[in-house]
Structures are given as C-alpha cells and as structure tokens.
Amino acid sequence: MIKKIVILTFVCCLVVIFTANCKPKAKTAPPPPPAKEQPKVEKVDEAPAVKKPAMTEEEIFMSKSLEEINLAAPLKMIFFDYDRYLIRDDAKPVLDANSGWLRKFSSAKILIEGHCDERGTEEYNLALGEKRAKSAFDYLVSLGISPQRIKFISYGKSQSLDNGHTEMAWQRNRRAQFLIIEK
Amino acid sequence: MIKPKPTIFVILSLTLTPVLFPQQEVYITLKEGVPAIGLALPNFISRSSSAGTREAAAELYQVVSDDLTYSRIFTLLPKKYYDYIRPLDSSNIYFKDWESIQANILFVGEVTESEGENIVFEGKLYDVKGARFISGKRYQASRNLCRLAAHRMADEIVKVLSGEKPIFTSKIVFVSDRDGNDELYMMDYDGQNQTRLTFNTIRDYTPAWSPDGKKIAYTSYKNLNAGLYILDLEAGKVSPVSTRGTNFSPSFSPDGKRLAFCSTMDGNTEIYVANSDGKNTKRLTFNEAIDSSPSWSPTNREITFISDRSGLGQPQVYIMDAEGSNVRRVSFGGTYHDAPAWSPSGDRIVYVSRVENIFDLYLLNLRNNQIVKLTESNARNESPSWSSDGRHIVFTSNLSGLLQLYAIDYDGANLRRLTSQGNNKLPDWSH
C-alpha cells in the first residue's frame with residue numbers, strides 16, 4: 001500500500017514537472033513604479049516605563065553588602081563601668097533600639113564583641129570582655145531576639161577605639177560592639 | 001608541695017599587707033642563691049690566620065661571655081687580671097697563675113677553620129685549684145650559626161658545673177603587631193633572631209610552649225571565634241583544641257601530658273584541662289565568677305589561677321589540685337591580681353598586681369608566705385613567664401611607651417629590654 005502511494009506521488013511529481021517545463025514562458029511583468037509617497041514616520045517612543053515598585057527597607061538591606069551595612073553602623077555600641085560588665089541604664093535604650101532593628105531585619109545575624117580598657121591585665125580582660133558581650137547577649141535575648149542569631153566574642157584590650165590614656169579614652173574602650181555577620 | 005595551714009597563713013598575710021602596699025621596699029638579695037663562681041674566660045684562640053676565623057672567635061667569645069654573665073652562677077673575672085699573669089698556653093696551663101687571680105674555673109676556647117664556611121669551636125673546662133681538666137666539647141657550625149654554637153657551649157658549661165637545666169638555647173614566644181596585625185613570633189632568650197611564626201590576617205594570641213619546645217598552644221580568632229589551637233613547629237601543622245566559645249591562656253603541664261586553658265564553651269569563663277593533643281577535655285572550675293590564667297606547679301599536681309569569686313572585678317590568686325578540688329586562695333591584700341606563674345623550683349608564684357592603675361610584678365614565696373615586689377616602674381608590667389632555671393622572668397611593659405618585652409632576674413636585678421619593633425606582648429619562655 002505504502003509502496004503504491006510512493007509510486008503514485010512520484011508519478012504525479014514527474015507529471016507536474018513536465019507540464020511546468022512545457023509551459024510557454026510568460027513575459028516578466030515590469031517592476032511597479034516607485035511609490036511616490038514616503039512611508040509614514042513612526043515616532044519611536046521609549047517603551048512605556050515600567051514603574052518599579054518602591055524597594056522595601058528589607059530589599060534595600062538585602063541589596064547592600066555586609067561591609068556597607070556595617071559601615072552605616074545601624075547597631076550602636078554600649079559602654080560599661082570600670083571593671084564591670086553589668087548593663088548600665090544608659091545602655092538599655094541603645095539595646096532596645098538594637099533589638100528593634102534585629103526584629104525588623106529578622107534574617108540578620110550578629111556578633112557581639114566585648115572590649116576592655118588598658119587598665120586591666122591582658123588575661124583578665126579577655127574574660128571580662130566576654131562577660132560584657134554576654135551581658136549584651138542576655139539583654140537582647142530577654143527582649144525576644146533568638147539566641148541563634150547572636151554570637152559573641154571577647155577581644156580583651158587588644159582593639160582600642162581610642163589610644164589615649166584619659167578617662168574619656170578608657171570609657172570609649174570599655175564597650176560592646178555589634179557586627180552584622182549575616183543578612 | 002607546700003600546703004599552707006590556713007590559720008597561720010591568714011595571720012601572716014595580714015601582717016604582710018602593709019609590706020605589699022604602701023611602701024614596697026623589700027628586695028631579695030642573692031645570698032639565698034648559689035654563690036657566684038669565679039670564672040676565667042680569656043679570649044678564644046684563633047687557630048687560623050684568616051680574618052673570618054678571628055671574627056668568629058670574637059663573636060663566639062662575646063656570646064659565651066654574655067650568656068655566662070647572665071646566668072648568675074658565675075662571676076667573670078675582670079679581663080685586666082689576665083695581664084698580671086703569663087699569657088694563656090692551651091697546651092701547658094699554669095694553674096698557679098690562674099689561682100693567683102682568684103679563678104675557680106678556667107674555660108679555654110679555640111676556633112679553627114674547617115671546610116667551606118664552617119668553623120670548629122672547641123671548649124675545655126678546667127678546675128683551677130685541682131689543676132685538672134673537667135670536660136670538653138667540640139662543635140662544628142657554619143659561620144652564620146656561630147651564635148647557636150656559642151649558646152650550646154654555654155649550656156654545656158652550666159650543665160657540667162651546676163647540674164641545672166641551662167637556658168641559653170631556650171626560646172621566647174610572644175605576640176607582636178610589628179607587621180600590622182597581632183601574630184606569633186619567637187626569639188632567642190637574649191632577644192636575638194626574632195622570627196615570625198604565623199602568617200595570616202587574623203589575631204593570634206596568648207601563646208604557650210609545650211615542655212619539649214616542639215609545639216605552641218595559642219588562641220586564634222579564626223572565623224569570628226577565638227579558638228584554641230596547637231601549632232606543631234616541626235610539622236608546620238595546626239590542629240584545633242577547642243573552637244566553642246572564647247578560648248585563651250593555655251598552659252602545658254611540665255610533664256607535657258596535659259593542657260590547661262580558659263574557655264567559655266559552657267557560657268562562662270572556666271578552666272578546662274585536655275590531653276596534650278587537645279583531646280578529652282574536662283572542666284575543672286564551676287563558679288559563676290571569672291576563673292582564668294592557669295599555670296601548673298612543677299609537680300604537675302596543682303594549678304594556680306585567678307578568680308574574682310570573692311568580689312566582682314577583684315581577681316585574686318588561687319591554687320587548686322589538678323583535678324579541680326581543694327581550691328584555696330593564696331593572695332590577700334590588694335584588689336586586683338592576675339597572670340600567676342608558678343616558678344620551676346615550685347616555691348614561688350610571680351603575679352601581676354594592680355594598684356591605682358599601675359601594674360607591677362610581685363613574688364609570693366609559698367614557703368613563708370612572704371610577698372616581695374619585683375618591679376617598681378610606674379608603668380604597666382604584666383604577663384610574667386619564668387625561665388627554666390627559675391632565675392629570670394620575661395614580661396610585658398609599657399615602660400618605654402609601646403608595649404615591649406623585658407627580662408628581669410628573680411631578685412629585681414638585670415632589667416633588660418628584648419624587643420623594639422611595634423608592640424610586643426604575652427611572652428612565654430620555653431623550658
């Protein structure tokens with residue numbers, strides 16, 4: 001059956017080709033005169049601007065690098081009394097604000113660094129710095145921040161903010177600092 | 001080990017408090033040490049006319065002379081005494097001559113050229129009174145290792161004559177920021193050959209030697225975590241001990257079997273002890289206060305440490321058994337003590353005490369509970385570490401502005417500065 005069809009179409013093709021070749025050649029028609037009218041000028045407009053939806057704070061946050069975020073220091077540091085690691089009253093509003101930020105950017109993870117002034121010994125300051133970082137950690141956790149989002153570390157007196165030897169410099173160095181390590 | 005009876009101890013300490021604070025004018029004198037032996041150290045003989053050999057002989061002489069002077073075991077005879085007697089003839093020594101200038105011991109050094117850049121350094125010790133040869137030693141070294149050959153010879157002299165463990169080839173490991181970041185360095189005991197050990201951009205801190213001098217335990221702030229690691233110097237390999245929490249102040253037991261350190265792995269600064277390979281960590285202290293700065297007794301059976309359990313922000317020195325039991329306080333008077341280091345002889349603990357923003361080193365004598373102020377400098381002197389012979393202590397001081405390492409003798413003599421580049425701190429002297 002298929003064979004028949006193939007043969008039939010072959011024959012048909014031959015017939016068609018034959019008849020086409022036999023057709024007397026018709027004179028080719030002259031080309032149409034050039035159009036007198038210019039084509040309409042179509043103004044190319046800019047594609048209609050796609051109005052981007054305004055970026056949410058979260059999106060702005062996600063678009064920045066960790067360095068950029070930390071440079072802006074959205075989490076403020078807190079300060080401690082000489083030889084002490086208890087959270088002072090003036091540090092509480094700062095920690096409250098920091099916890100607000102952590103609630104807003106709920107994916108962010110932070111590192112709390114505890115620091116000391118030069119008037120403690122190297123070894124004891126490593127322990128004291130850790131206590132300071134831990135105090136800040138405990139306070140943030142008490143405000144409902146997940147402990148899984150916070151790491152802490154002590155630098156003792158190895159990273160002074162202020163290299164002076166005055167009460168002001170020492171106060172600036174007795175601190176807990178907040179570093180964003182994941183967003 | 002000394003176990004002070006608490007009652008007597010308290011009374012003694014109370015009576016001693018005035019000594020510790022208002023005026024600290026107590027100094028130990030050398031009378032309790034070994035009497036210094038008169039040693040004749042004539043210039044070393046150069047057995048070659050080459051300038052190189054003569055220079056080597058002069059360098060070797062200088063190093064041996066400095067080492068033996070530093071030892072506090074010997075008194076080197078003034079060189080001018082040698083002019084009063086016949087010149088040294090190494091093949092025929094006139095012992096009477098040397099006796100006449102009060103030499104007990106005579107050391108004769110000879111330097112010969114050997115193939116290439118090498119020299120051969122031979123030293124002979126003589127007992128002057130007995131007119132006899134005691135012992136000799138011969139070292140071959142390339143020219144650039146002259147200092148080491150000299151230190152070896154000085155070690156040998158001390159070993160033969162005093163039976164003590166010598167310190168001249170010992171090393172001091174420390175932290176320096178001279179290359180921009182806190183890294184580990186080591187140097188010879190005399191401050192020479194300062195060599196960098198760690199090369200990274202993270203902070204390396206609180207190093208401590210293993211007793212065989214092959215490993216260093218230290219804190220490294222890798223991955224935003226202050227972990228404790230062991231650096232194997234020969235293999236160039238670093239292995240972790242504890243990376244949970246903040247870990248610092250490691251201290252190997254003198255038998256090299258265990259490693260004590262501070263860690264916050266359970267939430268608070270406590271003292272832990274692990275096997276020397278870092279495995280099998282056990283907690284020793286259980287107190288809400290800070291417990292830190294462990295240092296072993298030479299018997300391996302006790303650990304001195306500090307704790308502020310008696311008052312927040314007021315660390316005091318304690319001793320406990322190596323298993324964590326039998327804790328007793330040994331510092332009284334004063335409000336801030338840290339970094340205790342147990343002397344190799346076991347009878348003293350050196351520690352830092354803060355009085356009105358000044359840190360000084362103090363020695364607590366465990367035999368009689370006497371406290372002696374070792375430094376008096378109006379500066380911050382801290383992180384003391386003993387030499388293995390118990391005669392010297394290396395420490396950090398800001399005496400000259402930046403933090404530098406200094407060494408001082410156990411009686412306050414021979415203060416000398418060992419570093420000058422950048423800030424240098426947290427020294428540990430190898431044993």
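Predicted model: local features only at pLDDT ≥ 70, side-chain atom pairs only at ≥ 80, totals over all residues.
1. **Extent of the interface.** Chain A brings 30 residues into contact with 38 residues of chain B. About 2,800 Å² is buried between the two chains. Carbon and sulfur atoms give 54% of that area.

2. Three residues stand out: A:E122, A:E123 and A:Y124. Together they supply 25% of the area that chain A buries against chain B.

3. The rule finds four salt bridges across the interface of chain A and chain B. One salt bridge joins the side chains of A:E122 and B:K425, at 3.9 Å from N to O. That distance falls within the 4 Å limit. Polar contacts between chain A and chain B come to 20 residue pairs, with both residues at pLDDT 80 or more.

4. **Elements on the chain A side.** Which elements of chain A give two or more residues to the side that touches chain B? They are α5 (122-142), β3 (150-156) and β4 (175-182). Helix α5(A) gives the most, with 10 residues. By class, this side of chain A has 13 nonpolar, six polar and 11 charged residues.

5. **A:R119.** This residue sits in the loop between β2 (109-115) and α5 of chain A. Is A:R119 buried or exposed? Its relative accessibility is 7%, and the cut-off for buried is under 20%, so A:R119 counts as buried. Beyond its neighbours within four places in sequence, A:R119 has contacts in both chains. In chain A it is in contact with A:Y82, A:E167, A:W170 and A:R174. In chain B it is in contact with B:R354, B:N357, B:F359 and B:R380.

6. **A sheet in chain B.** Four strands of chain B form an open sheet in the order β18-β19-β20-β21, with antiparallel pairing. Strands β18 (291-296) and β21 (328-329) stand at the edges. Each has a single partner strand, so one side of each is left without a neighbour in the sheet.

7. **The β20-β21 pairing.** In chain B, β20 (residues 316-321) pairs with β21 in the antiparallel sense, over two bridges. Which residue stands opposite B:I319 in β21(B)? The residue is B:R328.

Definitions and conventions. Residues numbered from 1 in each chain as written. Chains lettered and ligands numbered in written order. Heavy atoms only, no water. Contact = heavy atoms within 4.5 Å. Buried area = accessible area lost by both parts, 1.4 Å probe. Polar contact = N/O pair within 3.5 Å; in protein donor to acceptor, adjacent residues only side chain to side chain. Nonpolar A, V, L, I, M, F, W, Y, C, P; charged D, E, K, R; others polar. Buried < 20%, exposed > 50% of the residue type's maximum accessible area, 1.4 Å probe, protein only. Pairing = 2+ DSSP bridges.
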